Every structure is written in C-alpha cells, then in structure tokens.
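Here is a friendly walk through a structure, starting from a single residue and ending with the whole chain. Have the 3D view open as you read.

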Amino acid sequence: MSIGIPVERMDGRAKVTGTAPYAYEHPVVDPLYLHLIQSTITRGHVTGIDTVAAEALPGVAAVLTHHNAPRLAADVPAEFRALQSGEIVHHGQIIAGVVAESPQIAQHAAELVRVTYDAQPHDTRLRADHPELYKPEMVAIGAPADSATGDADAALASAVFQVDQTYTTPAMFHSPIEPHATTAIWGDSLTVYEASQGVHDFTALLAQVLDFPADRIRVIAPYVGGAFGSKGLARPHAVLAALASRVTGGRAVKVALTRRQMFALTNHRPATVQRVRLGADADGQLTALVHDATVSTARYEEYVEWVATSSRNMYATPNRRTTHRAVRLDVQMPAPMRAPGEAQGHFATETAMDELAAAVGMDPIELRIRNEPPTDADTGLPWSGRHLVDCLRLGAHKFGWADRAKRRQGDWLIGTGVAAATLPTWFKLISLAYGPSNAAVEYVGDGRYLVGTGASDAGTGARTALSQIAADALGVPLSDVELELGDNALPRAMLAAGSMGTMVWGSAIVAAAQEFRRVHGTDPKPGARAEGTMAENPNAERVTIDSFHAVFAEAAVHADTGEIRVPRLLGVFDIGRVVNPRTVRSQLIGGMTMGLSMALHESGTVDERVGAVVNNDFAGYHIATHADVADIDAVWLGKPDPYANEMGIRPAGENGVIGVAAAVANAVHHATGVRIRDLPITPDKLVSRLAR
C-alpha cells in the first residue's frame, strides 16, 4: 500500500535544483517582454496618455493602451477586462503595457509614458456604520447572506452571561514565492504557460474574455510556486500577454508581476468588522449566538466573503443569527485567500468564546466541549464524523494544558490559549461551479501506467499524493506509476480550491483505475486506456462532511516593550485518512505559520488620501519568517471518513490557518490581561496597557 506512507515529494529535487520550469521560465523562441503601467489615482478617468517617446525607444515593439488594445468580449466581468476604457476603478489598475525586446527596455519605456487624469473622490475605508452599507443577496459560496433560528435578541436579554464585542481584521495580501506570471504565444491557436491553480477554468475564462475558441487554447502549468487562492482564474496581466502576442505577430510574450504590482493586481483577503454576541446560562451553555459581519467589496464587481457562515453550525444553541453586510469601496475586488471567510470568522468567534469562558469562570476547553452540537444546526443533518472533542482533549494532553498557569520569566509574561475550528467541504459548490473532475489511466508496457488529470499542484504535494492514490487503486508499486497534471490537454479537473483537490482528483483517479481494471483486467496490452469521473457525492445530501481541529498557542510578551513571541504552536486535526503524512504535515504547519503571520504581522496599510496600499513590499508588509516560528507541530487523529470518498480523506491544508489568530490572541490575553480584538496584534497595541 502506498497511501499512508510519508513518500518524499516527487518534484522536490527538480524544485530545489531549479530545473522545474515555472510559467515565466519555459523556453520559447525569440520572446518579447511586457511591462505593465498602473494608475496613480484611485477613481476617475485617463484624459491623456502620451506614448510617443516610449514608442521611439529602440527595442520597443508596441505600447498598448485603451486606445489601441484589441477589443475583448462585451460580456466579460469587469475584473478580467484590460485596457477597454480609460475609467479607473482602483489604485494600481493597469492602464497601459509596453512590449519590448528585454525587460529592461520595457521598464525604461514605461517610464517615458506620460498620463493625465481626471481624478474623482474615492473611498477605501471599511467601517460598520458606512452610509452605503447594503445586504447582499448571497455570499460568494452561494449561501444566503443571513440566517436565523429562534429569538436571539430575547435570549441575549435574558442570558446570565453575555459577551458583546467587535473584532476587526485588515486587508491581507497574497505573497506566494512565485509571482503571477504568464508566457503567451498567439497564432492559429493560443499557447499559454501560466501560474494557475486550474488550467481548465483558466482556459474557459480566457476563451470568454478573448472571444477565442476554447479548443484552440492550450494552457500548461506543470509547476506552480504557491497560490493560496490568488491564481484561481485568469488575471488581467495574462489577458494582456495574449493580446501583446497577437499584436506583435505571434511572437511569444512573457510577463511577470513585480512584488509591488502583486499588491494591486492579484486580489486580497477583504477587511472585516465583526460584532459577536454570545449569551450563556449559569452552566456555560450557549443560549444565543449572533455573528454580524461587515466586509469590503469592490465598487465595480461584487465579491462578498462568507465570514459568518461557520457560526451557523460550530456550536449548539437554540437561538442563532448570522448576517453579512457589504460596502462597495474603490478597491480591487477581493478574492479567496487561504481559508477564506473561516480565517477571519473564527478569529472573532473563538476570541469571543474565550471571553465568555472568562465571564463564566470556566476552562475554555470545557466551555467548547459543553457546547458541542450533536448535529449540523444549519442543515439538520448528522455529521459524517465530528471528532472535535477528541482534538481538544488530545491537544490538551500533548500541550500540557492541565498545568496551564500565567507566569513570568524575567521580563517576559507567559500565557497559553486555545481555539477550535472547522473547514467545510463544498461538494454542492464544486458540482455547480466546476462540474465533475476526470482522470485517465493508460498502460504503457513493462508494467508501467500513465495516469493523467488536469489537476494543478500549487505547491501542496498533489503530484505525490495523487500518485500514491493511483498506485493503490491499480494495485501496483508506486514506482510503476507516472502522473501527468497541469495541462488542459489532460482530462478536465476542477481547480485547486477549498482544500478539496486531493479528495476530488483522487476520486476521479480511483474511478479511472476501477474502469481500467473492469475493461482491461490485470494483464492489459500496451495502449489500453480508460477514463473515470468524480461527480457529485450522494452522501452530501445525507450528512455534513466537514473537517475540524483545535489549535493551542503559547505567547510570551515583553513587559516593557510589548514584543510578542510565540514559542509553541500545536494543531490537532480531524481530517480523515491522510494520504501522505510528510506532505500533509508540511501543509498544516505551513498553514499554521500563515495563521501566525495573520495574528502578529499582516496588514495592508492604505493611505486613504490617495487610496493606495503604502506598505506594498516585503520591507513594509510583514509576514512570518523563520525567526517567528519556534516549536510548531501538527498531528491528526487518522480516522477515515467513509462518507467523504472511497479513500476516507477530507480537506486538510487550509485547516492550518484557521483558529491560529484566535489562539494567539487568547494566549496574549492570558499572559497580560490585555484583550486585543483588532488584528494584527502588535506591540503598540499592548505596551501602553501592560501593568507596570
């Protein structure tokens, strides 16, 4: 058996030796290079754009503006249109592009372009009392914006214990190690090497935008250097690379966003303001839960993140209300970023639960266990397997929670905190938005099999895990399987989203292997081939299939400076069967590190006067580094979920992010007595409030 073995990543050597080609690195003949020019205002119109000097520079092949760029399809969502008008809808929007013989010439020419604007008033600040607040019909996953059971207001009014607090999270920005990049070659067909989480969905959107036949577009993405949601769909830079190749006679065009351009052109995690109200009886049993989320979206295109939806089934209570309100701002459209919605929502609710535990005088773990729901309160369905209590108890044992005590070591105040969390599976959303995923198995001779699917390995280790699934499904050694992915010439597969990839693609591979054995038996001839499909999961109508986990954190706060360190982090996960312990642990501790970054560092700072993110580089936008991560560990229960799929696996990777910020905030409070409700938790928010 290959499943369950900690196999080394099959692409590891190629990546660390630099031989794995990323989107910008694929060798092409005589390429040109595209440099993007961005707006310096936030809202208004381009009134003039002088490209004469740039076009006269030797080595410049073309300068594209809204005056001369080819027209795109009229029905394209505004988010994916490029150079179709002079209207400016967010700071840093693409307003022109220079195509030249080298990146240096393109950048020099871009500096020669002169632009004038008619600037209009803009608004980039989220606030809960914004005059343009509105109720969206749905949140982005297709769920109703509001949900209610019982009479939450009456229950709150009569509750023995109450919590009523507001929590905020700032806009956060994608920072994958590989910037967004494209290499495009336009001819009778269009070939695109792309940093993409989903080559088939990318193809469909590119075909729609360009009004070009999808069957004449080849998208290739064998290696992707991180994505976290930002590389799910075709971005405007990719559209412009294709147009630039078209207008230069089919020469290959390469474009790679600079790190600063990433902050304006690749979406972001939206800012939130969340009010959480909890009511409990004398025994700590929840009698009411109200979670009101206010989120930012773009004025030109709606995306409302599902911040409060996890509160609909996380804890048992007879009276519950969750709402979403949105504000259209002059910002780029937000989009999914690792554990969208749950990452921000759990910070608010799990911090509030810690506050309730303090009010009741109860251990925070005991409070959570006491409010464990027997079924999914949102749907009324039973759980396919919810072992959150086991996660809490195992984590408490491994973390030494029984000896929990606030203490001081020299100048450092030490405390511990906990948070619980859930990550849903999105079976219905996947079937509606992405359709079924497919895979093919072919026997190539000498005992070897070629397995293909259009899945994407965005750095998660999918290539290795799927190979292990294929080997077991075919009943052959792992060394006899070769896996192909990241190419739209392969069978269609959903994009990498919702930590669902291994589940869905793996199920398609199992189906293909079963069909192969049914048709060709165990002694196939070379060239024998079969395909399989993972369509809808019938169990999704009978049970709720979610992942669960608990996070434990230790925080050390310097009594004089307010500096925060996190010496220990532990996550205990209920994620079903684990295909590859090595890659899953890597994903989970990577997610926990990202959660630590969310807790202590990440915040996009917008200068409201100009509407721009001013800390748009790694000097100003801080993310967790090796120095921030000390003792971090992830373990799992290892209980297969037979309702999820034949392999018994559930979503894993994104779980790591969720709950970490709350656990750290709760640990900081335990250490200092200071409650921070606004992320990130920085020394300036602590130092003036620390006891002397």
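Leu 83 is buried because its relative accessible area is 5% (buried means under 20%, exposed over 50% and partly exposed in between, with a 1.4 Å probe and protein chains only). Leu 83 sits in the loop between strand E3 (60-64) and E4; helices (H or I, at least four residues) and strands (E, at least two) are DSSP runs, numbered from the N terminus. Its phi is near 55°, a positive value in a residue other than glycine. Most residues other than glycine have a negative phi, and most peptide bonds are trans.

A word on the source: this is a predicted model, in which local features need pLDDT of at least 70 and side-chain atom pairs count only at pLDDT 80 or more, while totals for chains, interfaces and linings use all residues. Residues are numbered from 1 along each chain as its sequence is written, and side-chain values use heavy atoms, with hydrogens and water left out.

## Loops to look at

Asp 211 also has a phi near 55°, positive in a residue other than glycine. Is Asp 211 buried or exposed? Asp 211 is exposed, with a relative accessible area of 64%, and lies in the loop between helix H5 (199-210) and strand E12 (217-220).

Two prolines are worth a visit as well. Pro 642, in the loop between strand E28 (631-636) and helix H15 (660-672), counts as exposed because its relative accessibility is 61%. Pro 680 lies in the loop between H15 and helix H16 (683-687), and a cis peptide bond with omega about -5° joins Leu 679 to Pro 680.

## Strand E2 and its partners

Strand E2 (residues 44-50) runs antiparallel to strand E4 (residues 87-88), and two bridges join them (two strands pair if DSSP finds at least two bridges between them). Here His 45 has Glu 87 in E4 as its bridge partner.

E2 is also joined to strand E6 (residues 114-119), again antiparallel, by six bridges. Ile 49 stands opposite Val 115 in E6.

## The whole chain

The chain has 16 helices and 28 strands. Of its 692 residues, 62% count as buried. Residues 24 or more positions apart make up 82% of the contacts with a separation of 6 or more, where contact means heavy atoms within 4.5 Å. The C-alpha atoms fill a box of roughly 75 × 70 × 50 Å, taken along the principal axes.
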